[in-house]
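Colleague: Could we go through this chain together? I would like an overview and then some individual residues.

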Amino acid sequence: MARAKMNSNPVKEHSYHNQVTVLGAGWSGILATKYMLEEGLTVATLERRDNLGGVWYYSDDSRENTVMKSTIASSSSAVTEMSDYPMPNEIGYFPHHKDMLQYLHSYADHFHLLPHIHFNTTVEKATKQNDKWYVYTSNEVFISDFLIVCTGQSKPNRELSTTLFKDFA
């Protein structure tokens, strides 16, 4: 992974240049990372949480959009599995969310994706300047030619319930 330190941005502690920046390391972000790497591109994947998996990474924290403790997949493993990496037979037809998360970890390990994922990295903003994307975190900027957004479910704007949609609450 090419991560050349750049000194052109004095505001941020570190700047990295990759051909592609992927936002999110859930199901789609993991696949985007894998396929960009297969195309020979350099990739930095930014994940806000401390683990990959997106909604499949369960949390008791009500501020997180995740599966529930009892969630099982509603589509069969034969339909859900990735075409280049079958789910193990032991997982069953309708896997529990813990099995789904383990499968995603196994996929990321198998295709050597983890070194490209920056965990605990919250994106503050992304802007396009000329032909480059600048993705800002608290102390880093990721500069890339392409930006892939795989943020999945997002939080509703709570302020809208007291402003624009106050009469519909």
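**Overview of the chain**

Modeller: Of the 169 residues of the chain, 38% count as buried, where buried means under 20% relative accessible area, exposed over 50% and partly exposed in between, with a 1.4 Å probe and protein chains only. This is a predicted model, in which local features need pLDDT of at least 70 and side-chain atom pairs count only at pLDDT 80 or more, while totals for chains, interfaces and linings use all residues. Residues are numbered from 1 along each chain as its sequence is written, and side-chain values use heavy atoms, with hydrogens and water left out.

Colleague: How many helices and strands are there in the chain?

Modeller: The chain has 3 helices and 6 strands. Both are DSSP runs numbered from the N terminus, helices being H or I with at least four residues and strands E with at least two. Along the sequence, the pattern reads β-α-β-α-α-β-β-β-β.

Colleague: And what is the accessible surface of the chain?

Modeller: The accessible surface is about 10,200 Å², and 52% of this belongs to carbon and sulfur atoms. Such areas come from the Shrake-Rupley method with a 1.4 Å probe; for residues, only the protein chains shown count as cover.

Colleague: What share of the contacts join residues at least 24 apart?

Modeller: Among contacts between residues at least 6 apart in sequence, the share is 53%. Contact means heavy atoms within 4.5 Å.

Colleague: What is Tyr 103 in contact with?

Modeller: Leaving aside neighbours within four places in sequence, Tyr 103 contacts Trp 27, Glu 81, Met 82, Tyr 85, Pro 86, Met 87, Pro 88 and Ile 91.

Colleague: Now pockets. What volume has the largest pocket?

Modeller: Its volume is about 640 Å³. A pocket, on a 1 Å grid over the protein atoms alone, is an open set of points where a 1.4 Å probe fits, with protein on both sides within 12 Å along at least five of seven lines; lining residues have an atom within 4 Å of a point. Grid points are joined across faces, edges and corners, and the volume is the space filled by probe spheres set on the points.

Colleague: Which lining residues are closest to the centre of the largest pocket?

Modeller: Of the 26 lining residues, Arg 48, Cys 150, Thr 151, Gly 152 and Gln 153 are closest to the centre. By class, the lining has 8 nonpolar, 12 polar and 6 charged residues. Here Ala, Val, Leu, Ile, Met, Phe, Trp, Tyr, Cys and Pro count as nonpolar, Asp, Glu, Lys and Arg as charged, and the others, Gly among them, as polar.

Colleague: On to the backbone. What is the phi of His 112?

Modeller: His 112 has a positive phi of about 55°, although it is not a glycine. This residue is found in the loop between H3 and strand E3 (117-118). His 112 counts as exposed because its relative accessible area is 58%.

Colleague: And where is Asn 130?

Modeller: Asn 130 lies in the loop between strand E4 (125-129) and strand E5 (132-136). Its phi is also positive, near 60°, in a residue other than glycine. With a relative accessible area of 76%, Asn 130 is exposed.

Colleague: Last one: where is Gly 54, and what does it touch?

Modeller: Gly 54 is in the loop between E2 and H2. Not counting residues up to four places away in sequence, Gly 54 touches Ala 25, Gly 26 and Arg 49. The C-alpha atoms of Gly 54 and Gly 24 are 7.4 Å apart, although the two are 30 residues apart in sequence.
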